[in-house]
Amino acid sequence: MAPQQHKVAIIGSGPAGHTAAIYLARANMEPIMFEGMMANGFAPGGQLTTTTDVENYPGFPEGVLGGELMEKMRAQSERCGAKIETETITKLDLSSRPFKIWREGSEDSDEPTDVAQAIVLATGASARRMNLPGEEKYWQNGISACAVCDGAVPIFRNKPLVVIGGGDSAAEESIYLTKYGSHVHVLVRRDVLRASKVMASRLLKHPKITVHFNTVATEAVGDGSLLTAVKTRDTKTGEEGEITASGLFYAIGHDPATTLVKGQVDLDEEGYIKTVPGSSLTSVEGVFAAGDVQDKRYRQAITSAGSGCMAALDAERYLTELEEAAN
């Protein structure tokens, strides 16, 4: 069977993907979105589907549930004319245009299921987890991987908090959390910080922060509803302890979902897709990247949406130039 032909395909269904879909559909580019079935532990809609209250997305003064926000974005994409397929893409061939796309279950076939003149990669990234005992029970009920997203939530205000990590991100997030928590405990596995000298100095000098070196978390403890403490172990002495805490924040990095394009699109040393500064252009002409798959600094729903807009405008310009050249 001949592959389905598309002007532009969007892979991924978070804020970046849906914003790209809205803009491209309104520009009559007839986008198709492959929203995935389950990717990186997330249902279609990405990381926001696992988030409860979102209070920092413009337009929702009372806040909005993460899942509800993604449902609204999906409905808007469809209303504007985007075609959405609940399919996971498992293989891409970007060596020539039209780009070849294989849906899950068809990757062993020589023939792709779909082809597209342009592709927007919006596959996102997933925060690394610790898989601690109690983690699943208290995820989003005291445990988070985004201090900027969740730090201002009422359950964390004026309460002791714990951050795991020793790099710049951990330092930045710990300092940020001092605005809300009563005290911040930072657990560092080694006896030194990986953070830059400037960030390490700020962290160690902050009056509301205590850094626990040679310390790892061993369990998340709670009352059945919310987190109440974090159990710890000294990596040198083996001594066990417990820190009272209403919040536990992971700052141990993210894994961008770039398996599909590894070896085909230029990635940085951490696996994120490289884009031309100030644009969504990748190393492959006609392939654009948006959202957390190319953003390791901000990782916010609003910045993902903004980069989705950029990708759509870049793709629209590219497709228009192709049409003009063909005529």
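Buried here means under 20% relative accessible area, exposed over 50%, and partly exposed in between. The views below are taken from a predicted model.

**View 1. The disulfide between Cys146 and Cys149.** The sulfur atoms of Cys146 and Cys149 lie 2.1 Å apart. A search of the whole structure finds one disulfide. The torsion about the S-S bond of Cys146 and Cys149 is about 65 degrees, so the disulfide is right-handed. Cys146 has a relative accessibility of 15% and therefore counts as buried. Cys149, with a relative accessible area of 29%, is partly exposed.

**View 2. Cys80 and Cys309, each in no disulfide.** For Cys80, the nearest cysteine sulfur is that of Cys309, 13 Å away. Cys80 counts as partly exposed because its relative accessibility is 21%. For Cys309, in turn, the nearest cysteine sulfur belongs to Cys80, at 13 Å. Cys309 has a relative accessible area of 17% and is therefore buried.

**View 3. The second largest pocket, with a volume of about 260 Å³.** Its lining is made up of 14 residues. Ile164, Gly165, Gly166, Arg189 and Ile252 are the lining residues that lie nearest the centre of the pocket.

**View 4. Strand 14 (residues 215-222) at the second largest pocket.** Strand 14 supplies three residues, the largest share of the lining of this pocket. By residue type, the lining of the second largest pocket comprises eight nonpolar, three polar and three charged residues.

Conventions:
Residues numbered from 1 in each chain as written. Predicted model: local features only at pLDDT ≥ 70, side-chain atom pairs only at ≥ 80, totals over all residues. Heavy atoms only, no water. 1 Å grid on protein atoms, 1.4 Å probe; cavity = no way out; pocket = protein on both sides within 12 Å on 5 of 7 lines; lining within 4 Å. Points joined across faces, edges and corners; volume = space filled by probe spheres on them. Helix = DSSP H or I, 4+ residues; strand = E, 2+ residues; numbered from the N terminus. Nonpolar A, V, L, I, M, F, W, Y, C, P; charged D, E, K, R; others polar. Disulfide = S-S within 2.5 Å. Buried < 20%, exposed > 50% of the residue type's maximum accessible area, 1.4 Å probe, protein only.
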